[in-house]
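User: I have a model open and would like to check what the labels in its analysis rest on. Could you take me through the terms?

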Amino acid sequence: MTGGTVVILGETGINFGAGMTGGAAFIYDRHKTFIDNLNGELVAARRIDIDDDNEGKLYLKKILISYHNRTRSPKARFILDNYREELAYFWMVTPKDMRAPLNPKEGN
């Protein structure tokens, strides 16, 4: 991935993030298995449920709302209905050397 944003509500494969040079990925990890699949050499994963990451929380919520409005996904609805609790299961993955804003539409 060289740019953009992806939200993954299912499982990922091994070596996640290999070749990722830009953008951001939000991974819903309810079963706590994702971090073992991460390519830690190229990307960094961090939780976004901490108080000082409002940008990540709001951006993810906007994406989930848009996705639910278009698909009526029951999983997206569940996450949105329980957002505070379910946020703890999300990882945000970015390239280690990423300098661009999280939301490209809000950048300079």
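User: What makes up the lining of the largest cavity, by nonpolar, polar and charged residues?

Analyst: The lining divides into three nonpolar, five polar and three charged residues. Ala, Val, Leu, Ile, Met, Phe, Trp, Tyr, Cys and Pro count as nonpolar, Asp, Glu, Lys and Arg as charged, and the others, Gly among them, as polar. Among the lining residues are Gly-10, Ile-27, Asp-29 and Asn-37. One source note: this is a predicted model, where local features need pLDDT of at least 70, side-chain atom pairs count only at pLDDT 80 or more, and totals for chains, interfaces and linings use all residues. Residues are numbered from 1 along each chain as its sequence is written, and side-chain values use heavy atoms, with hydrogens and water left out.

User: Why is it called a cavity?

Analyst: On a 1 Å grid over the protein atoms alone, a cavity is a set of points where a 1.4 Å probe fits but cannot get out, and lining residues have an atom within 4 Å of a point.

User: Why does Glu-86 count as buried?

Analyst: Buried means under 20% relative accessible area, with a 1.4 Å probe and protein chains only. Glu-86 has 3% relative accessibility, so Glu-86 counts as buried. Glu-86 sits in helix H3 (residues 83-86); helices are DSSP runs of H or I with at least four residues, strands are runs of E with at least two, and both are numbered from the N terminus. Leaving out residues up to four places away in sequence, Glu-86 touches Tyr-28, Arg-30, Phe-78 and Ile-79, where contact means heavy atoms within 4.5 Å.

User: What makes a set of residues a nonpolar core?

Analyst: The members are buried Ala, Val, Leu, Ile, Met, Phe, Trp, Tyr and Cys residues joined through side-chain atoms within 4.5 Å. The largest core has 13 residues, and Phe-26, Ile-48, Leu-60, Leu-64, Ile-79 and Phe-90 touch the most other members. Strand E2 (24-28), helix H1 (54-71), helix H2 (74-81) and strand E4 (90-95) each supply at least two residues, and H1 gives the most, with three. Apart from this core lies another of 10 residues, including Ile-8 and Trp-91.

User: How many helices and strands are there, and in what pattern?

Analyst: The chain has three helices and four strands, in the order β-β-β-α-α-α-β.

Note on methods. On a 1 Å grid over the protein atoms alone, a cavity is a set of points where a 1.4 Å probe fits but cannot get out, and a pocket is an open set with protein on both sides within 12 Å along at least five of seven lines; lining residues have an atom within 4 Å of a point. Buried means under 20% relative accessible area, exposed over 50%, partly exposed in between (1.4 Å probe, protein chains only).
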